[in-house]
Amino acid sequence: MRLLHTSDWHLGRSFHRESLHDAQRAFLDHLVTVVRTEGVDAVLVAGDVYDRALPGLEAVALFDDVLHRLAALGVPAVFISGNHDSARRLGVGAGLIGRAGVHLRTDPGECAAPVLLTDEHGPVAVYGLPYLEPTLVRERFGLERGGHAAVLGAAMDAVRADLAERPAGTRAVVLAHAFVTGGTASDSERDIAVGGVASVPASVFDGVHYAALGHLHGCQTLAPHLRYSGSPLAYSFSEAGQRKTMWLVDLAADGSVTAERVDCPRPRPLACLRGRLAELLSDERYTEHEQSWVQVTLTDPGRPGEPMEQLRRRFPHTLQLLFEPEESEASPSPSYAARVSGRSDLEIAEGFLRHVRPGAEPDRDELGWLREGFETVRESGERKAELPR
């Protein structure tokens, strides 16, 4: 059985205020073409279909269009909701849409209810595990405590129990949206650490033949049966060096897999340039980046006048401008933003406690209160996003 694994479309997202609508439409056109020309038997979309819980009308129209086109090809498609999606909104009409071969798996209670496919070698059970926010789904899985590893482990236990009741030789495929240990993150993924420990061990997915993962935006292989497709487009300059692809996965009769990468259309190359303004404006080394989306880090000791206007005369698609003056004895200390860059909200709060109480580390109770506070805020935000407007 040939599977096309993709994820993290983030329909409706922009790139530093640059519209990606046309680029996302071009990707979906490409996806449909690949399905048709490569003999794909099923499409797997591992979450973050939309970029936010309340997507704009243009994003919804893109999704609606690709659903109709996949249904017209007669190729089954399985979607799960990610941490950017509103599970309830994405799942509206799932029962009816499923009759057209488009299966929306957004309800945590349906983790062990597979989409059943078949080929000449027998059945393939495709289990869709939507993004599982620990604070919202613990009770459903009978858990009093625990983070991402605990709830995903409980969901996979239910999958394995269901699989054990199926005919011998049934091959199992799982879609999941999570941060699996060993994966490499980008700047454009939303932090999911507040609901508990962010990462889950790869062993959670033991017992299945292929796990189609979503959440991390870089295409990567954690094991032959455990892969991230990554996002089809770059959503941050940290992805400048990434090759954006989908996985074309062949599932053999014995459940072994082979996979190859299928390139996605690139609307424009990304470039991260660094140096003094005069050098960037004159050096011929940078000619190849004149039509790229550009991030510039200026190292001039003093802030130049109208730097963005000057840069855009040579690099009209300059989207982000950063300042990191070359170090000198007179250089000021790093900014607050620089000092907290890359740290989670919880780590920043812990750092604040240390700052206002020099020499005193936060104790266990204080750390627990902080973690509980952030989880409560996150849970409140998730629930508010589910409310009808």
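The talk below goes from the cavities to their linings.

Mentor: This is a predicted model, in which local features need pLDDT of at least 70, side-chain atom pairs count only at pLDDT 80 or more, and totals for chains, interfaces and linings use all residues. Residues are numbered from 1 along each chain as its sequence is written, and side-chain values use heavy atoms, without hydrogens and water.

Trainee: What makes a space a cavity?

Mentor: On a 1 Å grid over the protein atoms alone, it is a set of points where a 1.4 Å probe fits but cannot get out. Points are joined across faces, edges and corners, and a volume is the space filled by probe spheres set on them. By this rule there are 2 cavities of 30 Å³ or more.

Trainee: Which residues are closest to the centre of the largest cavity?

Mentor: Leu132, His148, Leu152, His177 and Ala178, out of 14 lining residues (a lining residue has an atom within 4 Å of a point). Helix 6 gives the most, with 3 residues; helices are DSSP runs of H or I, at least four residues, numbered from the N terminus.

Trainee: How do the lining residues of the largest cavity divide by class?

Mentor: Into 12 nonpolar, 2 polar and no charged. Ala, Val, Leu, Ile, Met, Phe, Trp, Tyr, Cys and Pro count as nonpolar, Asp, Glu, Lys and Arg as charged, and the others, Gly among them, as polar.

Trainee: Why does the lining of the second largest cavity have 4 charged residues?

Mentor: Its lining is Arg25, Leu28, Asp29, Leu62, Asp65 and Arg69. Asp and Arg count as charged, so the class count is 4 charged, 2 nonpolar and no polar.

Key: On a 1 Å grid over the protein atoms alone, a cavity is a set of points where a 1.4 Å probe fits but cannot get out, and a pocket is an open set with protein on both sides within 12 Å along at least five of seven lines; lining residues have an atom within 4 Å of a point. Helices (H or I, at least four residues) and strands (E, at least two) are DSSP runs, numbered from the N terminus.
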